[in-house]
2 protein chains.
Amino acid sequence: MRKGLLIVVSGASGTGKGTVCKKILADLPEVAYSISATTRKPRPSEIDGKEYYFLSVDEFKAWIAEEKFLEYAEVYGNFYGTPLNKIEERLNRGEDILLEIDVQGALNVKRKCPDGVYIFLLPPSLEELKSRIEGRGTENPESLARRLKNAVAEIKIGLEYDYAVVNDTIDNAAEQIKAILTAERLKVARNAEKFDFKEGF
Amino acid sequence: MRKGLLIVVSGASGTGKGTVCKKILADLPEVAYSISATTRKPRPSEIDGKEYYFLSVDEFKAWIAEEKFLEYAEVYGNFYGTPLNKIEERLNRGEDILLEIDVQGALNVKRKCPDGVYIFLLPPSLEELKSRIEGRGTENPESLARRLKNAVAEIKIGLEYDYAVVNDTIDNAAEQIKAILTAERLKVARNAEKFDFKEGF
């Protein structure tokens, strides 16, 4: 049986990871989303247990102690973590699992799971990234400047990923990611059983 | 400037490489076809300089002596070769080049050009492969039996390729190959310049 794909979508803060992932999940019902945990406050539209598990710092530290995370990291003073949620078992059952992780966390997962598909979302330009972070309305001028400075550093880390997708429009980015998933499923390394023809002539 | 993709489509004799490649070239006008040379006789529909350069054995040997081939091989008593045709120059200009090569020849190219995209076409079943080779009407019973036996051996060599595409229908196979090309163009290794953001804030 084909093992599922571990699909990791990452990108600098404000690149639109969440929106693109939502579009992919809506278009590809066979892909399951693995919900991350965070100690940051929910944005107005976000629901606990849907976009994230929203935890207190104490709860998050308890999950760390109980070894519930594949990886976790502190980003801008908040904790973010990828719960294990039996990911390996689900992949072995053939389930494709999508993870949306920050740049730092995704590289930690890549070290543990090199078979995954690591996709880095790029903003069309830094100007566009700036206006997206501003438009979110959750940043004060100081944290905005800090995020933009860090975005440049984060984007360089993208060179360690497998694929680079420019998020110019959500539809374009989602289409490109869908092509990547089609191609990855066709890799010979994931399809050895297809070569097993019988010589019964 | 982005370097072009060297796209190599191969598969056991009778898998339908030629038909699938024609469909891809029709759908993707930006992809150029590199015409192979052969000493085998043209099939009724084939035109010299379109499907192949049809050469005599003496002509073929002269091309070998003049170092006009990227690779060549003898298959079923006929020579097949991939003319250089300035392939490297064209790739550096950003041109995507499609090569349709037999199993043996494609692996020779892979050794010389590991950056290429190596796609192995599989028949849906050996029964289907048999009926396709018979349907071609160019085989006597002896050569048919020989081809089928060799097909099983050739298919095992496909494990050394990058991607495995089952040619169940031409449209399905062509769509999958198009997704592979989209994904390959998005590989970080081919897009380092996209990460070159200026820190002008």
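Of the contacts in chain A between residues at least 6 apart in sequence, what percentage join residues at least 24 apart? It's 69%, where a contact means two C-beta atoms, placed from the backbone, within 7 Å.

Quick housekeeping. This is a predicted model, so local features need pLDDT of at least 70, side-chain atom pairs count only at pLDDT 80 or more, and totals for chains, interfaces and linings use all residues. Residues are numbered from 1 along each chain as its sequence is written, and chains are lettered from A, ligands numbered from 1, in the order in which they are written.

OK, chain A. You've got 7 helices and 9 strands; those are DSSP runs numbered from the N terminus, H or I of at least four residues for helices, E of at least two for strands. Its radius of gyration is 18 Å, close to the 17 Å from the globule rule for 201 residues, so chain A is as compact as a globular protein of that length. That's over C-alpha atoms, and the rule is 2.2 Å times the number of residues to the power 0.38. As for burial, 35% of the 201 residues count as buried, meaning 20 or more other C-beta atoms within 10 Å of the residue's own.

Now the interface. Here 31 residues of chain A are in contact with 31 residues of chain B. On the chain A side, strand 8 (117-122), helix 6 (141-157), strand 9 (163-166) and helix 7 (170-185) each supply at least two residues. That side of chain A has 21 nonpolar, 4 polar and 6 charged residues. For the classes, Ala, Val, Leu, Ile, Met, Phe, Trp, Tyr, Cys and Pro are nonpolar, Asp, Glu, Lys and Arg charged, and the others, Gly among them, polar.

Let's zoom in on helix 7 of chain A against helix 7 of chain B. Their axes come within 8 Å and cross at roughly 115 degrees, with axes being lines fitted to C-alpha atoms over the stretch in contact, and angles running from 0 to 180 degrees between N-to-C directions. The two helices are therefore roughly perpendicular, a label covering 65 to 115 degrees. On the chain A side, the residues are Gln176(A), Ala179(A), Ile180(A), Thr182(A) and Ala183(A), and they meet Gln176(B), Ala179(B), Ile180(B), Thr182(B) and Ala183(B).

Last one, inside chain B: the axes of helix 1 (residues 17-27) and helix 7 (residues 170-185) come within 9 Å and cross at roughly 60 degrees. That contact has 6 nonpolar, 1 polar and 3 charged residues.

How values were computed. A residue is buried if 20 or more other C-beta atoms lie within 10 Å of its own, exposed if 12 or fewer, and partly exposed in between; C-beta atoms are placed from the backbone. Angles under 35 degrees count as roughly parallel, over 145 as roughly antiparallel, 65 to 115 as roughly perpendicular and the rest as oblique.
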